[in-house]
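Please look through the sequence and the model first, then read on.

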Amino acid sequence: MKPVDYSFITFDVLGGEYEHVCEVAGLDPTEDGWGLLHCVADDGTHITAVTDDPAYLLRLLEASGRTTLDGLEIPTSKVAMERRGWPDEWGD
C-alpha cells in the first residue's frame, strides 16, 4: 500500500463533532482519538490504516522529514485496523 495522505480523528481536531465522526467511522471514542493514514493498494483500492495512537503517527510524520509520504508505514503493531475507503468515502 502506498500512503498518500493522513488525518486525525481527535477531540482537539473535531471538537463537538468528534463522537459523531467516530460513530460514522465505526470507531469507539477514546481520550486520545485516532490517527489515519490514507493509502492506495496496488489495485487502486483506497484503504485507511487506523492507529489508536495518533501521537505516534504525528511523531512518525515529523521524524520522516519527507516532503511526500512515499514509503511511510505505520508498523503493524500500531495499526488497530484497516478500513476500506478513505474517510470522505465512509458516508454519514
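## A first residue and the overall fold

D12 is exposed, with a relative accessible area of 76%; here exposed means over 50% relative accessible area, buried under 20%, and partly exposed in between, with a 1.4 Å probe and protein chains only. The model is predicted, so local features need pLDDT of at least 70 and side-chain atom pairs count only at pLDDT 80 or more, while totals for chains, interfaces and linings use all residues. Residues are numbered from 1 along each chain as its sequence is written, and side-chain values use heavy atoms, with hydrogens and water left out.

D12 belongs to helix α1, which covers residues 11-14. Between the C-alpha atoms of D12 and D32 there are 9.2 Å, although 20 residues separate the two along the chain.

The protein chain contains three helices and four strands, in the order β-α-α-β-β-α-β along the sequence. Its radius of gyration is 13 Å, close to the 12 Å from the globule rule for 92 residues, so the protein chain is as compact as a globular protein of that length. That radius is taken over C-alpha atoms, and the globule rule is 2.2 Å times the number of residues to the power 0.38. Helices (H or I, at least four residues) and strands (E, at least two) are DSSP runs, numbered from the N terminus. Along the principal axes, the C-alpha atoms fill a box of roughly 35 × 30 × 25 Å.

## Burial, contacts and charge

Of the 92 residues in the protein chain, 36% are buried. Contact means heavy atoms within 4.5 Å. Among contacts between residues at least 6 apart in sequence, 61% join residues at least 24 apart.

The protein chain carries 6 positive and 19 negative side chains, and the centres of the two sets lie 8 Å apart. Lys and Arg count as positive and Asp and Glu as negative, with His and the chain ends not counted. Each charge is placed at NZ of Lys, CZ of Arg, CG of Asp or CD of Glu.

## Selected residues

| Residue | Relative accessible area |
|---|---|
| A49 | 5% |
| C22 | 0% |
| C39 | 3% |
| W90 | 13% |

A49 sits in strand β3, residues 46-51. Its C-alpha atom is 7.3 Å from that of C39, ten residues away along the chain. Beyond neighbours within four places in sequence, A49 is in contact with G35, L36, L37, I74, M81 and E82.

How many disulfides does the rule give? The count is zero, where a disulfide is a pair of cysteine sulfur atoms within 2.5 Å. For C22, the nearest cysteine sulfur is that of C39, 19 Å away.

D53 is placed in the loop between β3 and α3 (54-64). The C-alpha atoms of D53 and G35 are 6.4 Å apart, with the two residues 18 apart in sequence. Leaving aside neighbours within four places in sequence, D53 is in contact with R59 and K78.

W90 lies in the segment after β4 (81-84). W90 and V24 are 66 residues apart in sequence, yet their C-alpha atoms are 7.1 Å apart. Residues up to four places away in sequence aside, W90 touches several residues, including I9, V24, A25, L36 and T48.
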